[in-house]
Amino acid sequence: MASSLGQKFRKAWNRLPSSAQLVLWAVCIPLLLSGIGLWEYRQYQHPALSPAQLQLLQEVAQAQAALAENPRASLTIDGQKYSGFSASLKLQQIAKSTKGDSEAHDQVASVVRPASIVAMVMGVLAALVALAGLWGVNAAGRRALQSRDALMVQFARWRNLLPTYLTVHMGLLLATVGALLVVRLGVAYQVVILGHAGKGEMKFQALILILAGTVLWCGATLLRALYKSLQELHDEPSEVMGVTVSRQEAPALWAYVDTLAQGAGAAAPAHLVVGLTDGFYVTAHAMRLVPSGQQLTGETMYLPLTYLSLLQRDEISAILAHELGHFAGADTAYSLQFSPIYQRLVASLHAIYGREDSSPWMDLPATSFIEYLLERFDLAVKHWSREREFAADQVAAKLVSGDAIARSLVRVTALHEVVSDVLHEIGRRPQEVGSDVVQMLHDAVQAKGLTAPNFATEVATVHPTDTHPPTLERAKAVNAPVTDAMVQAALVQPDAQALVWVRSLFADSQGLQARLLNDFKGVAQEHNEQVRKDLAEAVQQAQGSLELYERRGNVWLFGGLALVALISAVAITVQALVAGKSFARVQDVVMIALACFGGLAGMAWLFWRRSSVMVMQLTAEGMRVPGWPQVVPWSAVANYSSTVVNGSNMVMTFDLDPAAPRLQAPHTNLRRVTYRPQKNKLVVGTTKVKGMDLEALHDAVQRYLSGWHARQHLASM
């Protein structure tokens, strides 16, 4: 929760492209600091003595020479006559004072000028390094579009260079700030110590020094944490819910995959993993199976029993041939080399953001560059991924048919909703469902049927940087454009013979699906128990009611000021009467004081009345406004937000569900609660309330709202 001004600034900043953010932080800031160094240098570039001071010293020297010739001569200085020894002493004091200022200036300049030069040079170098990084990353991103090998080489080079590059840039930036800190120390020494500055100037100089020192300290902390975040990263295996099937456990499946792999010109995978939750894919990354914890390395093919049991045989062949086409195209080997370094860089970014001492503004010079680097390479990464999807489809088209590929894409898309619903129902109440997930899937398809996918929406939302091309493009690329007849063929009920064939792929298909289902239920049960625990805690935190009253701080403030005005009026009147003066002479002042008293007393009374009437009451069911005939139920709140105004007032906005009944709002509760029926919106404005600050007030409303939703969720589990 932040002020509206801060929120607007943050939104405006986030709307800027990453390149613009990077230029502002990595180029403009160093140049600005360099400009400050130049300004400081110019302040001490010239000799301390002005022409007037030099003329004064020359006149003093002439006067001293005249006194040496005639010791009895008299001089007039600043309107006062001096003669003899007193004249000589006065001239010495004038010369010493004038030269003293010069010596102090030269002493400080001997520190300020070199430090200013360092600040100028370091700032310019930091900006140049940033510009070089921008150009280098942009050029590398363009070269990465030439080939996957170029992508690998360029990205690996920048990933390895990144710690050094950011350390150099941040080091130069910190050196610039450090040099300016030295400059300010010198200036402060001259102004405060030598110049005997007043308290105001001393505070100003101290504030500048504290600010510069804080920036330097935070920057050094960031630099240390940044280097650590970029170095200490490891490629963790991905967690997958499933089980491996050996050649003994699934001889027909392995023979089937071996045949397809031979036809695709690819090596068979080292592992076959069967599960329920994901789609078909191949990978060469390390994998940890859940819940067994088994570790797998090497090339692995994942087969979802959910889709496997609902597809036609040629559709299964087309999908597996497509996945094996990735092996043939060395996609998994490429991914094995590229993906870890890509993911590590993403993890670096999250590690920087996730630090306990993380500051979004201080981290920006580093995070903006990493985001820019990822953005420049993202286009190449997704370009080559799309190209490989088309190439894998060509492998499958030659091995099976283009029609089977297109039909499998349509059917998998149509099956997704049914499969998700069945798994969701199992996960919601694992104890109450049966033990045959395959039969549950077939029953769901027969009961609900399959709905044709909306390919127009898919095409409308496609983006050039998407990893997978849209279905219509993939179907067209294999000379099997999607037609109404094809869609209808893909929406037929599952083939019983195909299911018999799928079951024959495993030595014990019933035991396999029972194991998968039991594992899924066990993980779902653990998840549900944790969810119930979290929801019950949220419900517990929203028990009882909370009455909100405004604080009486303003009552005491305006009441105290009113009392001062009244005492002033009385004191002025009494003083005039005791002194025997006419009351008419002080009448205007007394009337002004009494008018102030009346106004301030009125404000105090207004705030006392506001603090005496409850703003609203938060309950487990909703919000109660004094005098309103009904509760504003939490069920009617579609969205809640709050904004702090001037640090002491809060505006809470409740967007109500359009379908919710309109409220009966007979009054605005001292203009603090406003209901806007046209927009079905409730707006509550209040100052700080008793017993909590504004952030705690926001959290309290959020807690009751979350508690109501948690109770509904618990009831549905």
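Author: Exposure is read from relative accessible area, where buried means under 20%, exposed over 50% and partly exposed in between, with a 1.4 Å probe and protein chains only. Helices here are DSSP runs of H or I with at least four residues, strands are runs of E with at least two, and both are numbered from the N terminus. By these terms Ala496, Gln497 and Val500 are exposed on one side of α17, whereas Ala498, Leu499, Trp501 and Val502 of that helix, which spans residues 496–504, are buried. Seen down the axis of α17, the buried residues fall within an arc of 160°, so they line one face of the helix; the arc is that of the directions from the helix axis to the C-beta atoms.

This is a predicted model, in which local features need pLDDT of at least 70 and side-chain atom pairs count only at pLDDT 80 or more, while totals for chains, interfaces and linings use all residues. Residues are numbered from 1 along each chain as its sequence is written, and side-chain values use heavy atoms, with hydrogens and water left out.

Reader: Which helices do the buried residues of α17 pack against?

Author: Contact is taken as heavy atoms within 4.5 Å. The buried residues of α17 pack against α7 (251–264), α8 (305–308), α9 (313–328) and α13 (437–448).

Reader: How should I read a pair of strands, and what stands opposite serine 74?

Author: Two strands pair if DSSP finds at least two bridges between them. Here β1 (residues 74–77) and β2 (residues 80–83) pair in the antiparallel sense over four bridges, and serine 74 stands opposite serine 83 in β2. The covered face of β1 holds Leu75 and Ile77, and its uncovered face holds Ser74 and Thr76.

Reader: How many salt bridges does the structure hold?

Author: A salt bridge is a side-chain nitrogen of Lys or Arg within 4 Å of a carboxyl oxygen of Asp or Glu, and the structure holds 16 of them. In one, aspartate 258 is joined to arginine 247, with the closest N and O atoms 2.8 Å apart. Aspartate 258 lies in helix α7 and arginine 247 in the loop between β4 (243–244) and α7, so the pair ties together parts that are 11 residues apart in sequence.

Reader: Where do aspartate 403 and arginine 407 lie?

Author: Both lie in helix α12 (residues 402–428), four residues apart, which is about one turn of the helix, and their side chains meet in a salt bridge at 3.0 Å, N to O. Aspartate 403 is partly exposed at 37% relative accessibility, whereas arginine 407 is buried at 11%. Asp403 and Arg407 also belong to a network of salt bridges that links them with Asp314, Glu315 and Arg411.

Reader: Which residues touch the most other members of the largest nonpolar core?

Author: A nonpolar core is a set of buried Ala, Val, Leu, Ile, Met, Phe, Trp, Tyr and Cys residues joined through side-chain atoms within 4.5 Å. The largest has 57 residues, of which Leu253 and Phe506 touch the most other members, and α12 gives the most to this core, with eight residues. Not counting residues up to four places away in sequence, leucine 253 touches Val245, Leu272, Leu303, Leu505 and Phe506. A second, separate core of 31 residues includes Met650, Leu694, Val701 and Leu705.
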